[in-house]
Amino acid sequence: MTICSPKKSPMGVSYSLPRSISSILLSIGGLAVFLLFGSCVLVSHPIGSAVQAYFLSVDPFGKPALFRQSNARIDGHGEVVVIQTSAMSNGRNPLLSSVNVTNDSLGPNLGANDGNFEDASAYITSINPNNTKAVNGGSCDLYHGKWFYDPVGPLYTNNSCPIITQMQNCQGNGRPDKKYEYYRWKPSQCDLPRFDGRKFLELMRGKTLTFVGDSVARNQMESLLCILWQVEAPKNRGNRRMQRWYFRSTDTYIARIWSSWLVHKTTDAFGFAPEGVDKLYLDLPDKTFFDLLPKFDVVVLSSGHWFAKRSVYIHKGEIVGGQLWWPDKSRPMVVDNVKAFGISVETILTAISTHPNYKGLTLVRSYSPDHYEGGAWNTGGSCTGKTQPAEDSEVAENGFTAAMHERQVAGYKAAVRANNGSRIVLMDVTGAFGYRHDGHPGPYRSLDPNKKTQRGPHGEPPPQDCLHWCMPGPVDTWNELLLETVWREFEGGGGGRTV
């Protein structure tokens with residue numbers, strides 16, 4: 001079979017080649033040109049750095065990371081917010097970071113406004129790398145900063161997560177506003193990246209993270225699961241003793257164990273305290289979870305709010321106080337509920353840090369502030385009508401929250417000082433979340449179509465929850481802080497915060 005028809009040169013000599021060979025030579029020539037061009041590029045941008053930046057969104061030379069998409073907007077504080085879609089986020093969850101740029105560099109038409117964002121892409125001429133300090137250095141204080149509006153929105157929705165407790169499903173329960181879902185936390189000295197589910201699972205490969213504590217611990221665990229659910233749907237491996245979810249891709253478990261006070265509790269009669277009343281042994285850890293500690297790699301503790309409930313306090317074999325219980329007024333009460341909380345924190349952290357078989361990381365999430373403004377939960381306190389974070393002048397002082405936080409920090413410090421080298425870290429969220437009176441369910445606690453959501457004719461507030469957090473909502477920031485803290489300890493050479 002004839003492959004091609006030869007042609008003659010003017011000298012009558014056949015010089016043509018088969019078409020297939022011509023195609024090969026043409027391809028080789030094109031490849032040579034490509035390699036020559038690529039070599040020039042690689043001289044100034046080594047491929048190792050480029051690949052690392054692309055997949056990890058981190059440039060080891062301190063240059064801006066590579067992203068698939070980028071645009072910039074200016075927020076209400078005159079600060080440019082560069083919204084970037086990470087190459088690692090599979091197109092679902094964009095990564096947002098803030099960059100300080102003076103208004104002078106943006107042109108005359110851009111400046112601070114009322115919190116809305118104006119497209120500033122065309123005006124950015126330069127970015128000072130000194131203003132883009134990354135959190136991963138480990139030296140940045142994560143807990144002093146401000147809330148800013150992020151138009152990218154939440155990491156999930158109430159429709160994309162199947163495990164939200166109904167009382168925290170604010171949108172599903174009819175809450176009409178959504179702006180509270182769009183605020184993110186910005187530390188003063190650095191940027192806190194949006195939660196990267198794949199990064200978290202890889203960081204926790206082969207490990208178990210367990211939340212231990214009250215219903216606020218459940219709130220945070222469900223938030224974490226909802227975020228991770230956007231990456232991988234876990235399998236339920238729980239039992240009566242603990243909730244437990246398994247992520248097969250990285251052999252990771254997320255678990256939760258209920259422990260109202262974190263210390264030993266019984267209802268048995270003791271001294272002049274009758275049977276049936278909760279007795280708290282403030283100097284003994286709760287065995288419900290304490291014996292399981294060696295199975296965990298990261299433990300997140302949450303407690304405090306149950307100390308407002310009726311209980312008897314026992315310390316060193318004696319009844320020393322109580323809450324909503326003290327029948328013999330002739331006896332002096334040595335320990336009130338605030339002091340009892342501080343003692344319990346020191347007890348559990350000391351016990352954990354001296355456990356012979358537990359070598360994991362312990363995170364103490366500080367006292368979660370409630371926002372029952374104008375009264376307590378049962379005396380007319382309310383968070384109804386709050387739609388965005390409070391300004392400094394709007395933050396309501398809460399003496400009980402301040403006292404509980406102070407005692408908790410004191411108990412934490414005492415435990416850490418007595419046990420140097422322990423991997424115990426305080427996630428001090430209380431101050432930052434004092435501004436988030438908008439993030440609670442309020443009256444939107446159920447699907448009941450007849451629920452009261454407005455004040456009554458005499459100004460009385462409807463029944464509401466101003467303690468737990470809407471999902472999605474501010475509680476998701478706890479898990480962004482969690483991811484950053486775990487990263488520092490596992491990859492950044494942490495070792496626990498010393499006091």
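Me: Where is the place of Pro472 among the helices?

Reply: Pro472 belongs to the loop that runs between helix H8 (430-433) and H9. Please keep in mind throughout that this is a predicted model.

Me: What is the peptide bond from Met471 to Pro472, cis or trans?

Reply: The angle to read here is omega. For the bond from Met471 to Pro472, omega is near -5°, and the bond is cis.

Me: The model being predicted, what is the mean pLDDT of the protein?

Reply: One reads pLDDT as the predictor's confidence in each residue, on a scale from 0 to 100. Here the mean is 79, and 71% of the residues reach 70 or more.

Me: Where does pLDDT stay under 50?

Reply: One such stretch is residues 1-18, for which the model has 15 contacts beyond four places in sequence. Another is residues 495-499, with 18 contacts of that kind.

Me: In which sense do strands E7 and E13 pair, parallel or antiparallel?

Reply: Their pairing is parallel: strand E7 (residues 208-213) and strand E13 (residues 298-302) are joined over 5 bridges. To find this pair in the structure, look for Thr210, which stands opposite Val299 in E13.

Me: What is the order of the open sheet of 4 strands?

Reply: Its order is E11-E12-E14-E15, and its pairing is mixed. Strand E11 (263-266) and strand E15 (318-323) are the edge strands, and each pairs on one side only. On average, neighbouring strands of this sheet are turned by 30° against each other when direction is ignored.

Me: In which sense do E11 and E12 pair, and over how many bridges?

Reply: E11 and strand E12 (residues 279-285) pair in the antiparallel sense, over 4 bridges.

Me: Which strands does H6 lie across?

Reply: H6 lies across E11, E12, strand E14 (311-315) and E15, and runs at about 35° to E12.

Me: How is empty space in a structure found?

Reply: A probe the size of a water molecule is rolled over the atoms, and this shows where empty space is left. In this structure, the search finds 3 cavities of 30 Å³ or more.

Me: What is the volume of the largest cavity, and which residues line it?

Reply: The volume is about 110 Å³. Among the residues lining the largest cavity are Gly153, Tyr183, Arg184, Asp476 and Glu480. Strand E6 (183-187) and helix H9 (475-490) each supply at least two residues of this lining, and the largest share, 3 residues, comes from H9. By class, the lining has 3 nonpolar, 3 polar and 5 charged residues.

Me: Which elements give two or more residues to the lining of the second largest cavity?

Reply: They are E13, helix H6 (337-353) and E16. The largest share, 3 residues, comes from H6. This second largest cavity has a volume of about 60 Å³, and its lining includes Leu262, Leu301, Val345, Val364 and Gln408. The lining divides into 6 nonpolar, 3 polar and 1 charged.

Me: Which residues lie nearest the centre of the second largest pocket?

Reply: They are His305, Ala308, Tyr372, Trp377 and Leu467, out of a lining of 25 residues. The pocket has a volume of about 650 Å³. Its lining is made up of 12 nonpolar, 8 polar and 5 charged residues.

Conventions. Residues numbered from 1 in each chain as written. Predicted model: local features only at pLDDT ≥ 70, side-chain atom pairs only at ≥ 80, totals over all residues. Heavy atoms only, no water. Contact = heavy atoms within 4.5 Å. Pairing = 2+ DSSP bridges. 1 Å grid on protein atoms, 1.4 Å probe; cavity = no way out; pocket = protein on both sides within 12 Å on 5 of 7 lines; lining within 4 Å. Points joined across faces, edges and corners; volume = space filled by probe spheres on them. Nonpolar A, V, L, I, M, F, W, Y, C, P; charged D, E, K, R; others polar. Axes fitted to C-alpha atoms, helices over the stretch in contact; angles between N-to-C directions.
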